[in-house]
Amino acid sequence: MKQIHIWCNMNINYKWKLGDSVTLGKRLRKLRIQSGYSQIEASKKLNIADSTLSNYERDQRHPDPKMLIKMIKLYNTNADYLLGLTNDHKPYKTSEKEEEF
């Protein structure tokens, strides 16, 4: 079983700005739309209430590390993109050694 561990300081200001005020919520909404999901469809896949996803996308609430991992997988992206550290939304490729780990 593959385990992913993420250390995340929940005091992080998710409203880091890249260019024109890009936030975690805006990136989540953009990825959801690009993936072809409505809010209802995405919230069901993430096993959360529609209102919770709406709050994430409006930056009214912030997902915990486990939810970030689910979103990364659902939207086929990477954590650095969601957290505003890069503008490259492509997922990272893992080597066979990492897969076994």
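In this predicted model, the buried residues of helix 3 are Thr52, Leu53, Ser54, Tyr56 and Glu57, where buried means under 20% relative accessible area, exposed means over 50%, and partly exposed lies in between, with a 1.4 Å probe and protein chains only. The cover over these buried residues includes helix 1 (24-34), helix 2 and helix 4; helices here are DSSP runs of H or I with at least four residues, strands are runs of E with at least two, and both are numbered from the N terminus. Helix 3 is followed by Asp59, whose phi is positive, near 60°.

Residues are numbered from 1 along each chain as its sequence is written. Local features need pLDDT of at least 70 and side-chain atom pairs count only at pLDDT 80 or more, while totals for chains, interfaces and linings use all residues, and side-chain values use heavy atoms, with hydrogens and water left out.

**Overall architecture and confidence**

- The protein has 6 helices and 0 strands, and from the N terminus on its elements run α-α-α-α-α-α.
- Buried residues make up 35% of the 101 residues in the protein, and the accessible surface comes to about 7100 Å², of which 50% belongs to carbon and sulfur atoms, with areas taken from the Shrake-Rupley method with a 1.4 Å probe and, for residues, only the protein chains shown counted as cover.
- Among the contacts in the protein with a separation of 6 or more, 53% are accounted for by residues 24 or more positions apart, a contact being defined by heavy atoms within 4.5 Å.
- The mean pLDDT of the protein is 80, and 71% of its residues reach 70 or more, pLDDT being the predictor's confidence in each residue on a scale from 0 to 100.
- Over residues 1-19 the pLDDT is below 50, and this stretch has 28 contacts in the model beyond near neighbours in sequence.

**Loops on either side of helix 3**

- Most residues other than glycine have a negative phi.
- Asn47, which is found in the loop between helix 2 (39-46) and helix 3 (50-57), has a positive phi of about 60° although it is not a glycine, and it counts as exposed because its relative accessibility is 67%.
- Asp59, placed in the loop between helix 3 and helix 4, likewise has a positive phi of about 60° without being a glycine, but Asp59 counts as buried because its relative accessibility is 13%.
- Gln60 is also found in the loop between helix 3 and helix 4, and its relative accessibility of 56% is why Gln60 counts as exposed.
- Although Gln60 and Gly25 are 35 residues apart in sequence, their C-alpha atoms are 8.5 Å apart in space.

**Arg32 in helix 1**

- Arg32 has its place in helix 1, and at 7% relative accessibility it counts as buried.
- Not counting residues up to four places away in sequence, Arg32 touches Tyr37, Ser38, Gln39, Ala42, Leu53, Glu57 and Tyr75; of these partners, Leu53 and Glu57 are among the buried residues of helix 3.

**The loop between helix 4 and helix 5**

- Thr77 is found in the loop between helix 4 and helix 5 and counts as buried because its relative accessibility is 4%.
- Leaving aside neighbours within four places in sequence, Thr77 is in contact with Leu31, Ile72, Leu82, His89 and Pro91, and the side chain of Thr77 reaches the backbone oxygen of His89 at 2.8 Å.
- Thr77 and Asp88, which are 11 residues apart in sequence, are 8.7 Å apart in space from C-alpha to C-alpha.
- Asn78 is found in the loop between helix 4 (65-75) and helix 5 (79-82), and at 2% relative accessibility Asn78 counts as buried.
- A polar atom of the side chain of Asn78 lies 3.1 Å from the backbone nitrogen of Asp80, and a polar atom of that side chain lies 2.8 Å from the backbone nitrogen of Tyr81.
- Not counting residues up to four places away in sequence, Asn78 touches Ile72, Thr86, Asp88, His89, Lys90, Pro91 and Tyr92.

**Aromatic rings**

- The charged end of Arg27 sits over the ring of Tyr81, 4.2 Å from its centre, under the criterion that NZ of Lys or CZ of Arg is within 6 Å of the ring centre and within 35 degrees of the ring normal.

Note on methods:
A polar contact is a pair of N or O atoms within 3.5 Å; within protein, one must be able to donate a hydrogen and the other to accept it, and residues adjacent in sequence count only if both atoms are side-chain atoms.
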